[in-house]
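The following paragraphs lead the reader through selected features of one structure.

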Amino acid sequence: MSFIATANPPATGLETVVVNDGFWPDIDREQLRRDIRLDGTATPERLQLAVEAAIWAVNAELQEWQRAQMNAGHTTLAAVPAPQLGGESIKARQYRRAIYSHVQAQLAEAYRDMDTLPSGAGKEQRVLSALEVRVDGFNQQLRWAIADLQGLPRTIVELL
């Protein structure tokens, strides 16, 4: 007989929608779990805090862009002219991608506790290095999503 490890499935029906400020779309936590394949290891309470922190950070970073859109007469992100994909504004998808990437980076950071790492033969360092790569990847996706939403280049190059 062999052992097969399975993920801890999330409980359904417990996640609420995180209501945003009216301009930016609300974030459905159950949809977020499905989209990023987040299992039940992250509790609903931890996910709520991570989503709130992501919304605060992303909204603050996009505050000037939001103000410019509102001054142009667009009262919601959905009203900002943008190509559509599957009946939804690309801008809404880019915003959601920024939130999701921020949440994933936060959760990866939160779960890199040394108590959960394997020990011996240098495994700790390999696991920590792999986590670092994941966090960096999520942060890169966050930066790209914010740049894409604003119509800015993804790379900023400056001569020193």
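**Helix contacts and aromatic pairs**

In this predicted model, helix H1 (residues 29-36) and helix H2 (residues 44-61) have axes that come within 11 Å and cross at roughly 90°. Angles of 65 to 115 degrees count as roughly perpendicular, and H1 and H2 are therefore roughly perpendicular to each other. On the H1 side, the contact is made by Arg29, Leu32 and Arg33, and on the H2 side by Pro44, Leu47, Gln48 and Val51.

Attention may now turn to the aromatic rings. The whole structure contains 3 aromatic pairs. In one of them, the ring centres of phenylalanine 23 and tryptophan 24 lie 4.8 Å apart with the planes at 85°, so the pair is edge-to-face. Phenylalanine 23 counts as buried because its relative accessibility is 4%; tryptophan 24 also counts as buried, at 2%. Tryptophan 24 forms a further aromatic pair with tyrosine 95, which is stacked, with 4.7 Å from centre to centre and 15° between the planes. This pair links distant parts of the chain, as tryptophan 24 lies in the loop between strand S1 (17-18) and strand S2 (27-28), whereas tyrosine 95 lies in helix H4, 71 residues apart. Both tryptophan 24 and tyrosine 95 are buried. Ring pairs join Phe23, Trp24, Trp65 and Tyr95 into a cluster.

Helix H4 (residues 90-110) also holds histidine 102. Histidine 102 has a relative accessibility of 16% and therefore counts as buried. Apart from neighbours within four places in sequence, histidine 102 is in contact with Ala53, Ala54, Ala57 and Leu142.

How values were computed: Residues numbered from 1 in each chain as written. Predicted model: local features only at pLDDT ≥ 70, side-chain atom pairs only at ≥ 80, totals over all residues. Heavy atoms only, no water. Axes fitted to C-alpha atoms, helices over the stretch in contact; angles between N-to-C directions. Helix = DSSP H or I, 4+ residues; strand = E, 2+ residues; numbered from the N terminus. Parallel < 35°, antiparallel > 145°, perpendicular 65-115°, else oblique. Contact = heavy atoms within 4.5 Å. Buried < 20%, exposed > 50% of the residue type's maximum accessible area, 1.4 Å probe, protein only. Phe/Tyr/Trp six-rings, centres within 6.5 Å; stacked < 30°, edge-to-face > 60°.
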